[in-house]
Amino acid sequence: LPPEFEAARPVLDTITAAGYEAYFVGGCVRDTILGKPLHDVDIATSAFPAEVKALFKRTVDTGIEHGTVMILDHGTGYETTTFRTESSYQDYRRPDSVTFVRSLQQDLQRRDFTINALAMKTSGEVVDLFDGLADLKAGVLRAVGVAEDRFHEDALRMMRAIRFASQLDFDIESTTERAIQDNAALLSKIAVERTRVEWEKLLTGQAPKRGLAALLATDLYRYMPKMADQRAALVTLCDLPDWQLPDTASAWTLMAWLTGCRERQQISRLLKAWKTSNELIMHVEAASHALAALKAYGRLTARENFDVGHTALKTANQVATLLGFGQSQAELDQAYSALPIHDKHELAVNGGDLLRAGLVTPGPAMGQILAACLAAVINGKVKNERAELLDFARMVADSKSD
Ligand code: ATP
Ligand code: MG
């Protein structure tokens, strides 16, 4: 067992010693068998939430209405969920209600794909009721039960299928893929934030071209925000030599570029439609600006370097490399490091200095003079030293009053 499972062993042992069943389930079992790193350990149990809470000193009700209790053990939190079935999905997303049950089989049956419907005991024994092990070995994503019904119950599963294809480099079994194609329009019922998480995982997966090919084959992309008209952009991505993206910022910078969003406003409109954070929007705007400069000139001016900042510059060059016009990162780093200052707070004079020197009175002129000082320093025209900057500011102030 992987170290994360070994660490969780006492938790499962406590539950089973009390007469209940407890298993590792879902993604962590799948990733253990694939030999991939685990990011969370999920436990499923026949004990009801109140029964789980009675067994442990420290628990948190993280999702008690769905049967999930977090057990805190030696500083680690374990999400522990009571076996459950989900009933009557009326809106193509999330069940109307969940029912707690005592049977593992019923719990595994509600899960999306056979490779995600595996359970493992602390002995290492795997419970495999839907031939998930064979699918894992063959690299196949197959819906548990009737694919059509499963996507009707929860349309997000279609997006999940395609992101797993990218993350795991797996094939989507043909009946499952056909059901995605037939039900693609239901994706519009799903909250954008949830679709976005899957889209980002798809783009940053190990085999993104595989996921994109499935998006195209099923037409699912047509029901993603602002993507209905973007078939050509996705085809372009599929035609590029194999590529990978390191993070969501580069994924969105690439999407903005390929969908023709060059102006700040267009970029922000795209990302707002996907409900990303404002922080990400600013990062992608800066990176897109740098990307345009790399495409046109192969380099950035000092001012562009200063405005874009190092992180967004790196993002831009990663995307430029994928698109075939990347530059040496070392040389870009060097040009960036060579800037006389990297933040406007490093400027050797501030508004107070200008006032005390009697160069200006509070008001818009002060901001303009400071901006001129900043530009002069960035462009190497004036050293970032107080005396020289005050001389320069005096010159600017005089020319303004002429
Ligand atoms: P990841 O590695 O991204 O966490 P995961 O498979 O663990 O992948 P989670 O969202 O953490 O995905 O869900 C844990 C498990 O819960 C899944 O493996 C699957 O068994 C089940 N599950 C999650 N979402 C759904 C869904 N929409 N429909 C059915 N089962 C689901
Ligand atoms: Mg998980």
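The legends below describe close-up views of a predicted model. Residues are numbered from 1 along each chain as written, with chains lettered from A and ligands numbered from 1 in written order. Local features need pLDDT of at least 70 and side-chain atom pairs count only at pLDDT 80 or more, while totals for chains, interfaces and linings use all residues.

**View 1. The domains of the protein.** The protein is divided into domain 1 (1–135), domain 2 (139–243), domain 3 (245–339) and domain 4 (344–401). These bounds come from an automatic or database domain assignment. Taken over C-alpha atoms, the centres of domain 1 and domain 3 are 41 Å apart.

**View 2. The shell around ligand 1.** The residues around ligand 1 are Gly-26, Gly-27, Asp-42, Arg-111, Asp-112, Asn-116, Ala-117, Asp-154, Leu-156 and Arg-157. A residue is near a molecule if its C-beta atom, placed from the backbone, lies within 6 Å of it. The shell holds two nonpolar, three polar and five charged residues. Here Ala, Val, Leu, Ile, Met, Phe, Trp, Tyr, Cys and Pro count as nonpolar, Asp, Glu, Lys and Arg as charged, and the others, Gly among them, as polar. Domain 1 and domain 2 both give residues to this shell, so ligand 1 lies between them.

**View 3. The contact of H8 with H10.** In H8, Glu-177, Ile-180 and Gln-181 meet Ala-214, Ala-217 and Thr-218 in H10. Helices are DSSP runs (H or I, at least four residues), numbered from the N terminus; contact requires C-beta atoms, placed from the backbone, within 7 Å. The contact residues divide into three nonpolar, two polar and one charged.

Terms used. Two residues are in contact if their C-beta atoms, placed from the backbone, lie within 7 Å. Helices (H or I, at least four residues) and strands (E, at least two) are DSSP runs, numbered from the N terminus.
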